[in-house]
Number of protein chains: 2
Amino acid sequence: MPRPSMKAERRETILDAYERCIVRHGVEGTTLEQLADEAGLARALIRHNVGNKEDLLDAYIECFLDRSKADTKLLMQALPAENRVAAMLDYLFDPRYANSHATRAANALMAASHARPDLAGRMRDWFARFVAEIASELSLEYPDCARADVDDVAAGIAGIYANVDAMAPLGPMTGLRDASRRAAHRLVNTLA
Amino acid sequence: MPRPSMKAERRETILDAYERCIVRHGVEGTTLEQLADEAGLARALIRHNVGNKEDLLDAYIECFLDRSKADTKLLMQALPAENRVAAMLDYLFDPRYANSHATRAANALMAASHARPDLAGRMRDWFARFVAEIASELSLEYPDCARADVDDVAAGIAGIYANVDAMAPLGPMTGLRDASRRAAHRLVNTLA
DNA sequence: CTATTGATTATCAGTTTTGATAATTTAATG
DNA sequence: CATTAAATTATCAAAACTGATAATCAATAG
C-alpha cells in the first residue's frame, strides 16, 4: 500500500558519496552540504535516509569493514593454485586493480580515530587482519619458515602497500608503485 | 621606540599549534578557533601574526619543508662512521626518537593536496628526497649493488617507515613497529 | 478513486566560522 | 612625560553549517 521505499539504494549512493568526501576532505572536513552535493541529493534526504553526521560516520564504518572483508575474501579466492604469493603481490601493486580508494578511506578513518577509542580499536583489528591474511598466504607457500619471520615479512608488505595507496592523491606515482612492488618481492624472497 | 615585535615567536607557537591541529583534525577540519585555543591566543592574534586560513597553510608548508630538511640533515650527521645503515634503521623505528608527528603532518598535507597541484608536487619531491637520502646511505654501505636495487630497497624502507607513523593515532602499535623494523632490516640484507 | 505511507521539498532557528575594523593597552625611546 | 609603533582586545556583519519540523508530492493496495 505505501510508496516503495528507496532507503536501501539511497543508503548505498549516500555512503559511496560519503567515502569520496572523506577521502578528499577528511572526516571532520566533510560537511553535509558537500555530501548532499556529491550524492546528487537534497541535504534533507541525507538526513532522511541515514541520519545526522554521527550516524553517517557510524554507518560508513560498518560499510567499510563489510566491504573490506568481502574484498579480501574475493581476492584470496581469485588467486591461482600455484604461485599464489606472486599473484597476490602483482594484484596488490597493479594500478589497474588496486583501488587506492579503500586505503585512503582507511587513512581518513584512522586520522579520525583520535578521540574515538572504539574506532581506533576497530581499525587496529582491520589492519591486523590484513597482515594476518598476507601472513597466511606466505606460510602456505613457505611452510618451513618460522612464524615470526613470516609475520615480519607480512607486516613489511602491508606497510609498503598501504604507503603506496596513501600517496595516491599526489598523482599516478607509477615509479614508486613499481619500486614498491619489487621491494615487496624482495622481502618475500628472504623467506626462501 | 616602538613596542618590541613578537611576530617571530608568535609565528613559531602558532605554526606549532597548527601542526598539532591538522594532525588531529586534518587541514580542512581545523578551524581558526581550534587553532587559537590550541595556541593559547586570541583568534585575532592568529590573524595579526600569520593571516587567514590560506596564509596559515602556506606558512606551514614552508615551515614543514624547512624543518623536514633540517631534521634529515641532523639525522644523517648524527650517524656513526660504521654501520650507518643499521643505526639509521634503529633510529627510524625507535619509538623514543621517531616523531610520528612530522609524518602525520605530512599525511595531512598529502590529503589536502587533492585540489592543489603545487602542493602535490612539493610533497612528491619531499618524499622522493627522503627515499633518495636512504638510497644514498645504502649505496655508501653497499657500493657494489646496482643502483636500481638500492632504489627499490630504499623505497621499501621509506614505505614501511611512513606506514608505521601513519598508524600512530591508533595507539602505541609497538608490535607493528618492531615487526616493521625487522622487515626493514631484512630488506637491507637482500643487498648483501 | 481513495487511503496510506514514504519520498521530496520548503523553511526555520540556532550555532559556528570567518574576515574585517576600530578601539585600547603596552613597552621602548627621546 | 610624551611619542611611537606594536600588541591586544572588542565588536561586527556576512556566510556557512546543522538539526529540525511542517508541508507537499507520488506510488501502491484495496
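I count a residue as near a strand if its C-beta atom, placed from the backbone, lies within 6 Å of it. The model I am reading is predicted.

**Entry: DNA strand C**

I looked up the surroundings of DNA strand C. There are 21 residues around it, and P2(A), A44(A), T31(B), L32(B) and N52(B) come nearest. α3(A) provides the largest share, three residues. I then sorted the surface by class. Eleven residues are nonpolar, four are polar and six are charged.

**Entry: DNA strand D**

I went on to DNA strand D. At least two residues each come from α2 (32–39) and α3 (43–49) of chain A, and from α3 (43–49) of chain B. The largest share is three residues, and α3(B) supplies it. By class I noted ten nonpolar, four polar and six charged residues.

**Entry: how the two chains relate**

I checked the superposition of chain B on chain A. A rotation of 180 degrees does it, with 0.0 Å of shift along the axis and an RMSD of 0.1 Å. The two copies are therefore related as by a two-fold rotation axis. I also looked for the C-alpha of chain B nearest that axis. It belongs to G29(B), at 2.1 Å. Both copies use the same surface, since 100% of the contact residues of chain B recur in chain A.

**Entry: the contact between chains**

How many residues does each chain bring to the contact? Chain B gives 38 residues and chain A gives 38 residues. α8(B) has the largest share, eleven residues. This side of chain B divides into 18 nonpolar, 13 polar and seven charged residues.

**Entry: helix α9(B)**

I wrote down its buried residues: L176(B), R177(B), A179(B), S180(B), R181(B), A183(B), A184(B), L187(B) and V188(B). What do they pack against? In chain A, the partners are α8 (147–166) and α9 (174–189). In chain B, they are α5 (84–92) and α8.

**Entry: the core**

I looked up the largest nonpolar core. It has 106 residues. Those with the most contacts inside it are Y18(A), L109(A), A154(A), I157(A), Y18(B), L109(B) and I157(B). Leaving aside its neighbours within four places in sequence, A154(A) is in contact with V131(A), I134(A), A135(A) and L138(A).

Most residues other than glycine have a negative phi. I noted two residues with positive values.

M173(A) has a phi near 55 degrees, and it is not a glycine. It sits in the loop between α8 and α9 of chain A. Is M173(A) buried, exposed or partly exposed? A residue needs 20 or more other C-beta atoms within 10 Å to be buried, and 12 or fewer make it exposed. M173(A) has 19, so it is partly exposed.

N83(B) also has a positive phi, near 55 degrees. Its place is the loop between α4 (53–78) and α5 of chain B. N83(B) has 11 C-beta neighbours inside 10 Å, so it counts as exposed.

**Entry: chain A as a whole**

I finished with chain A. It has nine helices and zero strands. From the N terminus the elements run α-α-α-α-α-α-α-α-α. The C-alpha trace spans about 60 × 40 × 35 Å along its principal axes. Of the 192 residues in chain A, 39% are buried. I also looked at contacts between residues at least 6 apart in sequence. In chain A, 61% of these join residues at least 24 apart.

Note on methods. Residues numbered from 1 in each chain as written. Chains lettered and ligands numbered in written order. Predicted model: local features only at pLDDT ≥ 70, side-chain atom pairs only at ≥ 80, totals over all residues. Helix = DSSP H or I, 4+ residues; strand = E, 2+ residues; numbered from the N terminus. Nonpolar A, V, L, I, M, F, W, Y, C, P; charged D, E, K, R; others polar. Least-squares fit on C-alpha atoms with pLDDT ≥ 70 in both. Contact = placed C-beta atoms within 7 Å. Core = buried A, V, L, I, M, F, W, Y, C linked by C-beta atoms within 7 Å.
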